[in-house]
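Welcome! Here is a short briefing to read alongside the sequence and the 3D view.

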Amino acid sequence: MLEHDVLVVGAGLAGMQAALHAARQGASVAILTKVHPVRSHSNAAQGGINAAMEDDDPWEDHAYDTVKGSDFLGDQDAIEVLCSEAPETIIELEHMGVIFNRGSRGQIDLRAFGGQARKRTCYIADITGQVLLHVIYEQLMKAGTQVYEEWFVTSLVRQNDAICGVVALDLRTGALELIKAKAVILCTGGSGRVYEPSSNALICTGDGYAQAYRAGAPLMDMEMVQYHPTTLPSNGALMTEGARGEGAYLVNAKGERFMERYAPNMMELASRDVVSRAEQTEINEGRDIDGCVLLDVRHLDRNTILQKLSQIRELGLEYEGVDIVEEPCPVRPGMHYMMGGIKTDIQGATFVKGLYSAGEAACVSVHGGNRLGANSLLDTLVFGKRAGMSAVEYARGITDPNVPESRVEEDREHIGGILSRSADDGERAAALRLTMGQTMHEHVGVFRDHAGLTQAQNIIATLKERYQHVGIDDKGSVFNTDLLFALEVGLMLDVAEAIVAGALFRTESRGAQFRTDYPDRNDDDWLKHTLVYQGDGGPRLETLPVTITQWQPARRTY
Amino acid sequence: MQFKLNVRRYDPEAENPAPYWRAYEVDVPENASVLDCLIHVREYVDGTLAVRCSCRSAICGSCMMRVNGQARLACITKAKDMQELDEVITVEPGGNMPVLKDLIVDMDVFWNKIRQVKPWLEPVQPVPEREYLVPNETILDLTVAMNCIMCGACVSDCTSLEVDKNFIGPAALAKAYRFVDDPRDEDRQERLEELSGDGGVYDCTHCFFCVEVCPKGVAPMERIVDIRERAQGAGVTNNAGARHAVAFEDIIRDSGILDEPMLLLRSIGMNPAEQVKNLPGGIRLLRAGKLPLASGPFHHKIPGHGNVKRLFEKVETSQ
């Protein structure tokens, strides 16, 4: 029998941080992850991590920029935690071995990032996430934490209204096992693959959202889907906001720096929702270059590009055949991040006992309607730590959960059904996913309206119906990635359903949700979160007030 | 555009498991990567094909495999470039690691070697209240090693590892360099001694393959050379590798030509037990003609060896 006090699902920054801090409390902790920890998508964060590091930069200013960035939908108690604990988090990382770039005195250097009134972003070239992820993994190796590597959760086990373990598939052997845990922390990241295209990795299938949703935990503000302003047209890969932080321009087909019409003060460094909408407007009104605008860094110092933006130079060369030193690079808004997620409090606890969450999987909410660049790495570490510690505290009060081994059979039956059908006779998971992704991009992207959202809702419902007949080619046990993908697509369809439900429900425009049929922010009716529960006849919607501590909603301009 | 792939497959659950080749033809966009081709196969042609992949942009390190005989990340390898080299794109799992299924290898071998170098910072005490102050130049230097994404390409194609499983290997040594050269690490000397020992930096044969295949510019062999220099600079010379390097230089400087028996003796050092242990190896070398008779007691300096010495002096003063 596999058994732990705390089981963390997902081994990105949030998951490893949660596990490290849970283990430090003396609890029996394990991580379960479908890929090796360093393959996690935290890797992809290029630009940096925010913290008010300088003496003349009070953390409250960082908090206000975050509140404003969130279009006043962020919960201010959570944002206060995020920003006040940021500097100590950075120092902790530095002492662990993170090699932050340095200023003239050897101190941690800062760069400019979008939506912030001053430089506040600590960084390592444009590989910040990668360095953080590898360093936290070093600490995990040092701690000797047990990792179920290349395992996949098929369902959460809920008994007597509390989560008390998971059923999981060992991808190496095909064995389906019950893992008992007094508390489970979901750190499963985002769900970019629900969209096509997306900047996200292939593993970002929102498993945790769907698992929590199915287990009765509500998802919050799922309609808040961030489109990043600078992704490559060929494959959706990300060109860091750090480029604009270093001074890059965005230019349309007429050679205009069009941001001066949308955000005259912050220009290219306005918040992401604002810049993405501006780009999409330029594209829709015909001032585009093959559906793109241009990212231009040619006026920057060559050494700055080579030292601080080397990875995106590689990406430009690799995918667009453009050397950014010589030519502007085509970019367009691309699906990038989920502000919404599993609703948690500031200790990482969800609405279901024994279930915790942190990172992109969770919605605390520190990002509200729009996340500031370089706040997501910070989110994973600050709230990963809190989730780890509070899960241990909860686990201490729990007696041994009594879960029958037979619980595994339900999942075995479901998997057996998929294995029994062939891809040719049944539905092909890849085709279902592609239709879902394109539908979400078309109707639930930068601009939305009732008609489009309703259409998306119908298509997703049809896809869920078709998914009942999904079949696969691979009938084996060892590394059956065909089966894994089919299971992921099933989960993603639930996530898509929740996103569409939230977007239809919120009849206003705020942050990343822009409804052309409700183009204004409506604080009277919608200064609140949307909550979506899985009901018998489909999603069930509720609202929750926004927590406001010291900053009253104001008009938002950049 | 049409691409032809020949994929080396392996099904551990087959009746008599053995590797076999399977050909695929795919129609994908012209700028498709080899990974795009494999994903197309997996999603629409043959779902039994197993491959690890995730980020599609060379940061997660999942999709290392051999394409046209060389370790690469499939996600940044253009199918068109590969097809131009050979008519059919050959895809195989990475080397030096056991194959689990198709293109998926057992990376435990890889990670065990990483763990061997104590891959975490041992902070210099006392730990400051704020950050350690470090010059940015040092950070830029460390960034080269931190660029490593642990894809295993260097390990796959390492010729030393192929014959010497004890070798710590290029990835782990590049990782070790990242701590050796970090001024915040307290264990520098201990690390240098450890890395100069058995299976360490002197087991690298300088074949350059790791430098060639590394997709992230980490150039592991150069980091290995960096560690050797740091070790010798820190006085870590009481080991066969360092003695070998010093003796090699001395002999060439003095006589202009290598004296193999002397090199061997000096590398082993004045330790009778070690000398006896190395005797069978010496005999094998002799049999294979690797210890020329015109050496050892019969060793002669080459004519004009003074010029060699002057060359050394010239290089040293120019440095």
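The largest nonpolar core has 268 residues, and those with the most contacts inside it are Val6(A), Val184(A) and Ile185(A). Such a core is a set of buried Ala, Val, Leu, Ile, Met, Phe, Trp, Tyr and Cys residues joined through C-beta atoms within 7 Å; a residue is buried if 20 or more other C-beta atoms lie within 10 Å of its own, exposed if 12 or fewer and partly exposed in between, with C-beta atoms placed from the backbone. This is a predicted model: local features need pLDDT of at least 70, side-chain atom pairs count only at pLDDT 80 or more, and totals for chains, interfaces and linings use all residues. Residues are numbered from 1 along each chain as its sequence is written, while chains are lettered from A and ligands numbered from 1 in the order in which they are written.

- (Helices are DSSP runs of H or I, at least four residues, and strands are runs of E, at least two, numbered from the N terminus.)
- Leaving out residues up to four places away in sequence, Ile185(A) touches several residues, among them Val6(A), Val8(A), Tyr356(A) and Ala391(A). (Contact means C-beta atoms, placed from the backbone, within 7 Å.)
- In soluble globular proteins, nonpolar side chains tend to be buried together.

**Where chains A and B meet**
- Chain A brings 48 residues to the contact and chain B brings 45 residues.
- On the chain A side, helices H4 (86-96), H5 (128-143), H11 (310-320) and H16 (481-505) each give two or more residues.
- H5(A) supplies the largest share of that side, 6 residues.

**Helix packing in chain A**
- Helix H6 (residues 207-214) of chain A packs against H16(A) at an angle of about 75°, with axes 8 Å apart. (Axes are lines fitted to C-alpha atoms, for helices over the stretch in contact, and angles run from 0 to 180 degrees between N-to-C directions.)
- That makes H6(A) roughly perpendicular to H16(A). (Angles of 65 to 115 degrees count as roughly perpendicular, under 35 as roughly parallel, over 145 as roughly antiparallel and the rest as oblique.)
- Tyr209(A) and Ala210(A) are among the H6(A) residues that meet H16(A), whose partners include Leu491(A) and Val495(A).

**Chain B**
- Chain B holds 14 helices and 7 strands.
- Buried residues make up 40% of its 319 residues.
- Helices H7 (residues 170-180) and H10 (residues 220-233) of chain B pack at about 50°, with their axes 8 Å apart.
- H7(B) and H10(B) are therefore oblique to each other.

Methods. Contact = placed C-beta atoms within 7 Å.
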